[in-house]
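I opened this entry to look up a few side-chain arrangements.

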Amino acid sequence: LGFSNLNSGSPEQFTIVHLLAGDNQERFSVVLALDENLEELSEKSDSRLSDEKKKAIENVFKAKTIIEVMGNTHMYPKIAFHKLSLLLHPDKNSHPGSTDAFKKLQHAYQEVTAGKSHSTKALNIGKVPEIKASVRPPKVISVKVQKRKVANITFFTSNILDMRMALTTFKEDPNKLTNHVKDVLNECWDNRDPEGGILTPDGKSGIYIQCLKQVTAGHIWVKPIETEYGEAILELKIKEMREKVENQKDWQECVEIDMTIIMEENEKERLEAGKLASYILEIRQVWDTLVNQ
């Protein structure tokens, strides 16, 4: 169907915690690092410091031209950028050089998409910093706040599997999570049960966990598509996971399939209703093709 897999050798693993906190019971969606053995994270077990990601950091630091930064690939620039982002972004890579490497990637991507020559000099970010043996990755790796579901679109057909679309707004703000919430969440993480379950904190903490999702393998696929608004990149995420809702005792094994049109932040901010409707129909068409295979 024309999809390319971006992380066949290193499926994503993480835990999502939906919780309420504070006097106003503000909603948070927090992503935590997850070791496959559900043990305390260490350099060797942290998937955000794998050999593949260390190598990606080294390659970007050594790159002299913008096309070398982009991996000397013939992929669509947006796909190549997205693939490398999964390896370099500080949320995905705990190497001390990840922030500078990602800045260099962003610069190269901007130059390539602006039509600059592939031999254009890449951003100089110095030498690769050393990894200190004592470095331990943070457990909280992303925080979404002010999350609001604007609308749901549900399709009803004869298909056994069908799709539902959600239009959701949120703000990514790790600083919004107070030290108290972090401390309580980290304590719950450290004292999780043998299956990795994070129990609802003591009632006096002011924190209530609504839903816990453990993604044991997240596979990411992309493909370029033509829309009436020009070329776009469709991302397909297949997440093997288990879930607990509120005080549910047993894990519910499930698979989530997410389909998204990859957009720059400024494009999201200027997205008009007509373009959104067009993207929805494009996703719908791809979904129908998938389920009818």
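I take buried to mean under 20% relative accessible area. The model I am reading is predicted.

**Entry 1: helix H4**

I started with helix H4, residues 98-113. Which residues of H4 are buried? I listed Ser98, Ala101, Phe102, Lys104, Leu105, Ala108, Tyr109, Glu111 and Val112. I then looked for what covers these buried residues, and found helix H1 (51-62), helix H2 (66-69) and helix H3 (77-88) among the covering parts.

I also checked the length of H4. At 1.5 Å a residue, its 16 residues should span 22 Å, and the end C-alpha atoms are 22 Å apart, so the two agree. After H4 comes Gly115, and I noted its positive phi, near 90°.

**Entry 2: aromatic rings**

I searched the whole structure for aromatic pairs and got 2. Phe81 and Phe102 have ring centres 6.1 Å apart and planes at 35°, so I logged this pair as tilted. It links distant parts of the chain, with Phe81 in helix H3 and Phe102 in helix H4, 21 residues apart. Phe81 counts as buried because its relative accessibility is 15%. Phe102 is buried as well, with a relative accessible area of 11%.

How are the rings of Phe81 and Tyr109 arranged? I found them stacked, 4.5 Å centre to centre with 20° between the planes. This pair too links distant parts of the chain: Phe81 sits in helix H3 and Tyr109 in helix H4, 28 residues apart. Both Phe81 and Tyr109 are buried. I recorded Phe81, Phe102 and Tyr109 as one aromatic cluster.

**Entry 3: charges over rings**

I looked for lysines placed over ring faces. Lys144 lies over the face of Phe170, 4.4 Å from the ring centre. Lys223 lies over the face of Phe3, at 5.3 Å from the ring centre.

**Entry 4: salt bridges**

My search of the whole structure gave 8 salt bridges. I followed some of them through the strands.

Glu243 bridges to Lys213, with the closest N and O atoms 3.9 Å apart. Glu243 is in strand S7 (residues 230-245) and Lys213 in strand S6 (residues 207-227), so this pair ties together parts 30 residues apart in sequence. Glu243 and Lys213 are both buried.

Lys213 also meets Glu256 in a salt bridge, at 3.0 Å from N to O. Here the link runs from strand S6, which holds Lys213, to strand S8 (residues 252-262), which holds Glu256, and the two residues are 43 apart. Is Glu256 buried or partly exposed? Its relative accessibility is 23%, so I put it down as partly exposed.

Next I took Lys239 and Asp258, whose closest N and O atoms are 2.9 Å apart in a salt bridge. Lys239 belongs to strand S7 and Asp258 to strand S8, so the pair ties together parts 19 residues apart in sequence. Lys239 counts as buried at 11% relative accessibility. Asp258 is partly exposed at 27%. I noted one network of salt bridges linking Lys213, Lys239, Glu243, Glu256 and Asp258.

**Entry 5: Thr169**

Last, I checked Thr169, which is in strand S5 (residues 164-172). It counts as partly exposed because its relative accessibility is 35%. Which residues does Thr169 contact, leaving aside neighbours within four places in sequence? I found Gln146, Lys147, Arg148 and Val150. I also looked up Val145: it is 24 residues from Thr169 in sequence and 9.3 Å away in space, C-alpha to C-alpha.

Terms used:
Residues numbered from 1 in each chain as written. Predicted model: local features only at pLDDT ≥ 70, side-chain atom pairs only at ≥ 80, totals over all residues. Heavy atoms only, no water. Helix = DSSP H or I, 4+ residues; strand = E, 2+ residues; numbered from the N terminus. Buried < 20%, exposed > 50% of the residue type's maximum accessible area, 1.4 Å probe, protein only. Contact = heavy atoms within 4.5 Å. Expected span 1.5 Å × (residues − 1). Phe/Tyr/Trp six-rings, centres within 6.5 Å; stacked < 30°, edge-to-face > 60°. Lys NZ or Arg CZ within 6 Å of the ring centre and 35° of its normal. Salt bridge = Lys/Arg side-chain N within 4 Å of Asp/Glu carboxyl O.
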